[in-house]
Amino acid sequence: MAMHFLLLLFTMSVVVVASDEEPFIGVNVGTFLSDMPHPTQVVALLKAQKIQHVRLYDADQAMLIALAKTGIQVSVSIPNEELLAIGQSNSTAANWVSRNVVAHYPATNIISICVGSEVLTSMPNAAKVLVNALKYIHSALVAANLDRKIKVSTPLSSSIILDSFPPSQAFFNRSLNPVLIPILDFLQSTDSYFMLNIYPYYDYVQSNGAISLEYALFKPLPPNKEAVDSNTLLHYSNVFDAVVDAAYFAMSFINYTNIPIVVTETGWPSKGDSNEPDATLDNANTYNSNLIKHVLNTTGTPKYPGIATSTYIYELYNEDMKQGPLSEKNWGLFDENGVPIYILHLTGSGAVLANDTTNQTYCIAKDGADPKMLQAGIDWACGAGKVDCSPMLQGQPCYEPDNVIAHANYAFDTYYHQMGKSPESCDFNEMATISTSDPSQGSCVFPGGCRLGNNGTFSNITGASLNSTNSYSSACNLYIFDLRGLVMVIGLLIWGMVLL
């Protein structure tokens, strides 16, 4: 019997879900901000961050116009509140496509339409019109001869998957089958993809300790800490892959084996209330950095190794007008001014979301770091790390303030710059973090910092063209030299006038 079950699993796995497209990382663009940037500012940020895929929660006309001729691939959405009208009227659907797609394509590179969002779980009463809405929108695309260029699907919550571990035993909530099976029929017949929202943060928080933080954050796990599917003997090292494979197994359980998955939302909050201790900058950075590398390295999942799942990160901006706990307002990669909430731990020139737009980053001690661990890090940096720590000696520029945090900041940052600012060099047993704030103080100028005496930082000298510590220091020195030269010229002029 056990052998028969394994053979069944193997048979269900032989159909490889492949895609003709390279896997991508995109971002969701929410608009619940009290000071929402203008669409042209949004697009400027996307271009600066080399983001080539975005998902909008509507089909805002100004945003679609701003995205025109950028080459950025756009997924537009039909909001849930518009779903009922579209699902009840073919002509309403045709008008929506005409106004929001045909009017902008191909100048704006629209690649998909999301019909509603998590309708089966958030609006069960509207589920009955969802299939009609999908079909009507697709029919309108057929009429416009765009059905082969633009996919139609609907993002679904991963909560529709029951018994998601082990993945091989996962199945969809059977009460949803009257709607879900027609949806899967539609996706299969139109060569579209299964859109899935995956939130390992909530899986971790709601697991009552069954899921470790490391497993949720894509952190490397030793083999004995990985989760093993007892039926397939596949090893899982993160929640994300386990949920993706659970969805594939759930589809194959009801005989759908060739519908690829696109993850339309995933992320991690960077701040939370006092009862949300794992919503932190460090965890958000770790999750999203590891996610991006996991997708773009085409690691794939244990069920489909080498076949990566294209993914949209939730989200571009922190949305301060969102209701609910503090974490709800803090899923963004940037604030409303386009300033990174944290610097993603990514390497490689030209990488998507290598989001330090000025290339000026610093390695500093984490808030709340253990002083003993910081001192151990200082000792290592000044010894084996070959950092010149003489500026921290008594009487030298970086002696004050004489505390372990300030000294750790200097030692860690100097080592970080010596190592070419590679993210791996800013770790120090997880006591350090990368920051965009210059920690230089007074006459103690950190590598990459730019100060003249005690008058502060010449912050406006930074730029994308200053790609190294040396070039940045040269720019600072040149600026300071020019300023001193200007003062000297003015002094000579004044002295000349006195003599006259």
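**Entry 1: salt bridges**

I began with the rule that a salt bridge is a side-chain nitrogen of Lys or Arg within 4 Å of a carboxyl oxygen of Asp or Glu, and by this rule I counted 5 salt bridges. I noted that the model is predicted, that local features need pLDDT of at least 70 and side-chain atom pairs count only at pLDDT 80 or more, while totals for chains, interfaces and linings use all residues. Residues are numbered from 1 along each chain as its sequence is written, and side-chain values use heavy atoms, with hydrogens and water left out.

**Entry 2: Glu265 and Arg55**

I looked up Glu265 and found a salt bridge with Arg55, in which the closest N and O atoms are 3.1 Å apart. Glu265 lies in strand β12 (residues 261-266) and Arg55 in strand β2 (residues 53-56), so this pair ties together parts that are 210 residues apart in sequence. I took helices (H or I, at least four residues) and strands (E, at least two) as DSSP runs, numbered from the N terminus. Both Glu265 and Arg55 are buried, where buried means under 20% relative accessible area, exposed over 50%, and partly exposed in between (1.4 Å probe, protein chains only).

**Entry 3: two further pairs**

Next I looked up Asp191, which forms a salt bridge with Lys151, the closest N and O atoms being 3.6 Å apart. This pair links distant parts of the chain, 40 residues apart, with Asp191 in the loop between α8 (177-189) and β9 (194-197) and Lys151 in strand β5 (residues 151-153). Asp191 is exposed, at a relative accessible area of 56%, whereas Lys151 is partly exposed, at 22%.

I then found a salt bridge between the side chains of Glu319 and Lys322, at 3.4 Å from N to O. Glu319 counts as buried at 2% relative accessibility, and Lys322 also counts as buried, at 17%.

**Entry 4: the largest pocket**

For pockets I used a 1 Å grid over the protein atoms alone, where a pocket is an open set of points at which a 1.4 Å probe fits, with protein on both sides within 12 Å along at least five of seven lines, and lining residues have an atom within 4 Å of a point. The largest pocket has a volume of about 1,200 Å³, a volume being the space filled by probe spheres set on the points, which are joined across faces, edges and corners.

I found 40 residues lining the largest pocket, and Glu118, Ser157, Asn197, Tyr199 and Glu265 lie nearest its centre. The largest share of this lining, 3 residues, comes from α11.
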